[in-house]
Amino acid sequence: MEIDGKTRTCGLLGNPVEHTLSPMIHNTLAERLGHDLVYVPFLVEKGRLGEAVAGAAALQLLGLNVTVPYKSEVIAHLREIDGLAEDIGAVNTLVRCAGGYKGYNTDMEGLYRAMESEGIRIRGESVILLGAGGAARAVAYLCAVKGADKVWMLNRTLEKARTVAEEVNGKVGRAVICPMSTADHRMLPEGKYLAIQGTSVGLAPNTEDAAITDDTFYEKIHTGFDLIYSPWETKFMRLVKAHGGEAYNGLKMLLYQGVIAYELWNDVRVSEEDAQAVYDRLRDRFR
Ligand code: NAP
């Protein structure tokens, strides 16, 4: 692309940012949609997030993504916040508004679009959610608002799962999230579950790890969705498949959180054809 005086800039605030796939998502979309826009990663040192957001506003950056470890911390530096992002307590997308930025959470909607595109249903489902960190909190909220029957939230640290369950149940007004220690997974009621893997266990380079390795657990899973996409097939996914279930990785979630952010910045709707073209390019990275 040719950069000139009218080129608009978007970017990513995080630490680290070296391995991000977001520039590929947004620069591919800009190219396909014919937008004069460039997307670059910005490494933000600990303690300097406020300066980074103020600097971005001063430089009139069109929009920003926010990643680990700043998704909650950034809220204090916003002019406005979308209601959903406020409920989840995490922001991954900043959109310019008068005097600064408005914060959104596109991770949750991104996961929903990814699941829809794979034909995975949440409404009426019995769900097992592994993890109670930032991503799992958004997933718990998604499952609760999209009508899951029950969500068993299993975490190594039970106290964290209890806190998230209390918050989400309070917000949606029903006791849908049930916290449980991962070590107690054999106490899960019999049945077939949709399992969403939201811990960081199994992430490259620790590709032989899974939060649970017990076969009896995987016998209960009809569909497994791992938020991790590197490696392409996690140990969790392999165990789900070995017991007859369907398994998906988190690359489509990454794709759609980016697509939704791009739509917010540019006030456009990205077609499925363009989203698929970006996905194909992302997937080639793993081949
Ligand atoms: P986080 O806030 O740091 O939470 C980490 C979670 O993993 C916690 O539940 C933690 O349990 C658990 N955990 C970590 N090490 C563990 C171990 N050795 N044994 C058992 N449990 C362990 O991280 P996050 O932001 O939620 O991200 C979680 C994962 O989701 C990451 O792998 C990330 O790459 C992925 N993710 C993907 C997308 C996407 O677009 N596809 C988006 C966001 C996140 P404790 O509470 O007990 O510490």
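This is a predicted model: local features need pLDDT of at least 70, side-chain atom pairs count only at pLDDT 80 or more; totals for chains, interfaces and linings use all residues.
Residues are numbered from 1 along each chain as its sequence is written, and side-chain values use heavy atoms, with hydrogens and water left out. Helices (H or I, at least four residues) and strands (E, at least two) are DSSP runs, numbered from the N terminus.

**Helix α4 and its partner α9**

- Let's start with burial: D107, M108, G110, L111, R113, A114 and M115 of α4 are buried (under 20% relative accessible area, with exposed over 50% and partly exposed in between, for a 1.4 Å probe and protein chains only).
- The axes of α4 (residues 107–117) and α9 (residues 251–266) come within 7 Å and cross at roughly 125°; axes are lines fitted to C-alpha atoms, for helices over the stretch in contact, and angles run from 0 to 180 degrees between N-to-C directions.
- That angle makes α4 oblique to α9, the class left over once angles under 35 degrees count as roughly parallel, over 145 as roughly antiparallel and 65 to 115 as roughly perpendicular.
- On the α4 side, D107, E109, G110, L111, R113, A114 and S117 are in contact (heavy atoms within 4.5 Å) with K252, M253, Y256, Q257, V259, I260 and E263 of α9.
- The residues of this α4 and α9 contact comprise six nonpolar, three polar and five charged; Ala, Val, Leu, Ile, Met, Phe, Trp, Tyr, Cys and Pro count as nonpolar, Asp, Glu, Lys and Arg as charged, and the others, Gly among them, as polar.
- Just after α4 comes G119, with a positive phi of about 75°.

**Helix α1 and its partner α10**

- α1 (residues 22–33) and α10 (residues 272–284) have axes that come within 10 Å and cross at roughly 135°, so these two helices are oblique to each other as well.
- α1 passes α10 in a right-handed crossing.
- M24, I25, T28, L29, E31, R32 and L33 of α1 meet E273, D274, A277, V278, R281 and L282 of α10, a set with seven nonpolar, one polar and five charged residues.
- L29, a residue of α1, is buried at a relative accessible area of 0%.
- Neighbours within four places in sequence aside, L29 touches V259, Y262, V270, D274 and V278.
- L29 and V278 sit 249 residues apart in sequence, yet their C-alpha atoms are 7.1 Å apart.

**Aromatic pairs**

- The whole structure holds six aromatic pairs; rings of Phe, Tyr and Trp (its six-membered ring) pair if their centres lie within 6.5 Å, with planes under 30 degrees apart counted as stacked, over 60 as edge-to-face and the rest as tilted.
- F217 and Y218 form an edge-to-face pair, 5.0 Å centre to centre and 90° between the planes, and both residues are buried.
- F225 and Y248 are stacked, because their ring centres are 6.5 Å apart and their planes lie at 25°.
- F225 is buried with a relative accessible area of 1%, and Y248 is buried with 17%.
- F217, Y218 and F236 are joined into a cluster by ring pairs.

Key:
A crossing is left-handed if the near helix is turned anticlockwise from the far one by less than a right angle, and right-handed if clockwise.
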